[in-house]
Amino acid sequence: MTRFFTTLLFINYFRRAHFTLAFGLAAALLLGSCSGLRYVPEGQKLYTGSKVTIDSPTKLKNQSALQTELATLVRPKPNFSFLGMRPKLFFWHLGVGKEKGLGHLLADKFGEAPVLLSQVKAKQTRDLMVNRLQNRGYFHGAVTSEVKTKANTAQVDYTARPGQQYTIQEIHFPGRDTLIDKAIRGTQAASLLKAGDPYDLDVLTNERVRIDLALKNEGYYYFNPNYLLFQVDSTLQGKVNVYYKVKNDAPAKALRPYWLKTITLNTNYVLTDTTSRQPVMFEKYRYFPDESVFRARAITRAVFLRPDSLFRQRRRDQTLSRLMSLGTFRFVEIKFRPSAAGDSAGRARLDSDVLMTQLKKKSLRAELQLISKSNGFTGPGLTISYRNRSAFRGAEQLIINGVASTETSTRAPAGAESRSNTGLISNEFGLNAQVIVPRLIAPDLPFLDPHLVNSDFQPRTNFGTGVRYVSRSGYFSTTSYNLNYGYSWKTKITNEQEIKLIDVAYNAFTSTAAFDSVLRAKPFLRQAYQSQFILASSYRYTYNQQVLEQRRQQIFFQGQAEVSGNLANAISSAVVGSKSPTEKYTVAGQPFAQYAKFDLELREYYRISPKTTSGNRIVGRLQIGIGLPYGNSSGGSLPYLRQYGIGGPNSIRAFAARQIGPGSYKPTGTDIVNSYYDQVGDLRLEGNIEYRQDLFPYVKGAVFLDAGNIWLLNNDPQRPGGQFVASQALKQLAVGTGVGLRIDVQFFVVRFDYAIPLRANYGTPDDKAGRLNLAIGYPF
C-alpha cells in the first residue's frame, strides 16, 4: 500500500509538465504493487492460462499453425499478467463495494475481476477443439485435458491427438442437364478444391462464396451460397470424395438467370422524394432530369448496368463505386425488383432503380490561422476555398484556393537572415484553380481504353493553374506561375497512378542589392535563385494497403519520376545550334531548367493488437530522393523549389526545417546568415521509426527515432563536406529521438512532438536543447 501512495505522489507531481512520463512511472510502480493473488476468494484458485500441445507420431505439415488455432479456442482468457504481476486485479480491488469515487472509477476503467479455475469449462473447450480438428480433415481426432494446481493458482493443459488428416481424392461437379448445374460446371476451372489437397471446411466455405459470385455475374440474382451443399464421402481410408449439389428446396427463382429491363436513374433522390418530375428516355435509360446540375451523359458514363443486358453483380458494384467516386453524391443506392413482365423469349427480367443523393453543389470555406513555422516565422494566415462539384454540368470538380499570410521572424541574433533574423518579414499571396474532369480526355488507343471498363474507380483528367508571390523584406521576392495537365486513375483500391504530361512553371525572381552580394559570392545559390522556366513532366505510382483496414501489416509505397527541359533542349539545339559551356538555351529570353528527379518512399504499419480498432502500432518510413541537373543546367543545381531540405515537424523532428546538411557542412561565421538557403541538396536519405500507443479515448502517445541527411552531387567549395561520398554517408546522418502526444478525433489530429538531437550531421550537436513541434496530422 505504501507503494500505491508513492505512485499517487508521482502522478500529482508530474502531471502538469510531463504527464506521459508520470503515467509511465506510475504504471511501473503499480506493476510492482502485488501479484494479485491476495484478491482471490478463499477456497478458489486463480486460473493462469492453458498450454495446448499436439501429440502426433510424426510432425504434421502445418502443426504450428494448427496448434495456434486450437489455442485461440481456449476459454476463458486469464487475467492480464506482466512479469508475474497483475495490475488489473489491483485496480479491480480498489472498486470492490464502491458505487462511486476514485476507486470505482479506476476499477471501471482499468480493473479486471479475477478469472477463477471454477469458471473454466474444460469439456466445452475439448469439444470445440475436436470440432475444429474435424473441420481441418482430422476426422478421428481426440483431445484430453489436465488440471495442474499450485498453492493459489491453477492452469488447464490440453493435449490434441489429431490422427490422420484426410485428403481429397475426387471432385464431382453437378451432372444434371439444368441451367443451374451447367452454370456451376462452367466455374470448374477456377475451383479452390484440388485433388490431393487436405480436406478443409474453410476452403469448402470459400468455394461456395466463389461459385455464388460467379453465378451472380451470370445473371443468377437470387442465388445464395446456402443453396449449394457439399456431400463428402469419408468412408475411404484417409481419402474423401466431394460432390457438389444444389439443395432440393432451393426456390425456382434462384435457379434461373435474370436480364435487366428498365433502369431508372434519379440524380436528386431524397428519402421523402415526392417528385412530380417526368422521366425522359435517354440511351434506353429512364432518366429523371436535373439539367441545372448534370447533363445526362455525365451520369450514364458512370453507369455499367445496361438495359436488355444480363444481370452481372460485377457491373452493379462497379456502377456503385464509379458514381460515388464522382465526388458529387452523398449516397448512392441501387435497388432491383422483378419486372412485371418478361420478354418474348421468356427470359426472367429485373427492373432497377439507381438512386443518387446529391451533396451541395457549391461550398465556400474560410480558415483564419496563426502560422508558427519551425524556421522561426510566426504570423496570421487566411485561406479561402471555393468548390463547385459540377462546374460544367458534367460532374467536373472546380476548386479555387486563395492564400494570404504575413509572418515575422521571432528569433535572434539581429542581422542574421531567415530563421535567425528577428524582425524579418515574409509575405505570401497565392491563387490557384483546379478542374478535375471525371473521365480521361484522350483518344482511343490500341494500348489504352480511356473508359477503363474493368476498373471500379472513375479515371480523371486534371487541369491546374496558379500564381504565388513570396517576398522576404530587404532580400528578395519571387512570383511563380504554373500550369499543368495530366491524368490520374486507379485499377485497384490499393493502386493509383498519376501522369502529368505538362507541368510548366515560371519563377520570376527579384532581389535587393544586399541579397545580390550573397548570390555573387555563391554561384550554386545564384543558379537556383534565377528567373527561369521549369518545363516538366512526371509520373507517380502509389501502392497503399492502409485502405485494407483488416490487415495487421500494411505497406505504403510511392515512386515518382520527373524530367524537365529535355524537349526544349532538343528543339533549341536543333534550331539555335550548339552553345558554349557558359551559355544557356532560353525560352522567351529566360533560361529553362533541365534535370531528372527520382523519389521513393516506403512505409510499413504494423498493428500490435489483432483488434482492428487498436492504435498500438510500429510504423517505419524510408525516403530516398535524387535530382540530376544536366544539359542546360549542367554543372549547376536544381531549381530551388525542386531541391531537397530536411528537418522539421514531419522529418527529423529534433532539428528545424532545412537546418541539416548538406553532408557534414556546418555554417560558420557569416555563412550562418544565409544558412537557410544553403542547406539544401540534390540527394536525400531519411529513415524514421515510431511506436504509437493508445492512452485514453482520443489521446495517443508515441516514441520515435529519426535519422537522415541531404548531400550535393557536385562539389561546392563554399559548402565543404557537402558532396556525397558513399563511405562517409552513414557517419553524416543527423539523429534525433523523442516522445509525442496526439489528440486524434479521427477527422482531425493535433500533434505535439518533443525531440532532442542525439547527433548532428557534423558530429556532436552545438545545441542539445529539445525542440517542441506542434503540427496537424501524423508525420507519416
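Colleague: How many bridges join strand E8 to strand E10?
Modeller: Strands here are DSSP runs of E with at least two residues, numbered from the N terminus. Strand E8 covers residues 258-266 and strand E10 covers residues 285-288, and the two run parallel. One of the facing residues is Leu265, which stands opposite Tyr287 in E10. The number of bridges joining E8 to E10 is 3.

Colleague: What kind of model is this?
Modeller: Residues are numbered from 1 along each chain as its sequence is written, and side-chain values use heavy atoms, leaving out hydrogens and water. Local features need pLDDT of at least 70, side-chain atom pairs count only at pLDDT 80 or more, and totals for chains, interfaces and linings use all residues, for this model is predicted.

Colleague: Which strands are the edge strands of the sheet?
Modeller: Two strands pair if DSSP finds at least two bridges between them. The open sheet has 5 strands in the order E9-E10-E8-E12-E11, with mixed pairing. Pairing on one side only are the edge strands, E9 (280-282) and E11 (329-338).

Colleague: Which residue in the turn between E9 and E10 has a positive phi?
Modeller: E9 and E10 pair in the antiparallel sense over 3 bridges, and Val280 has Tyr287 in E10 as its bridge partner. The two strands form a hairpin with 2 residues between them. The turn residue with a positive phi, about 50°, is Glu283.

Colleague: At what angle does helix H10 run to E11?
Modeller: H10 (residues 313-325) lies across E11 and strand E12 (348-358). A helix is a DSSP run of H or I with at least four residues, and contact means heavy atoms within 4.5 Å. Axes are lines fitted to C-alpha atoms, for helices over the stretch in contact, with angles from 0 to 180 degrees between N-to-C directions. H10 runs to E11 at about 155°.
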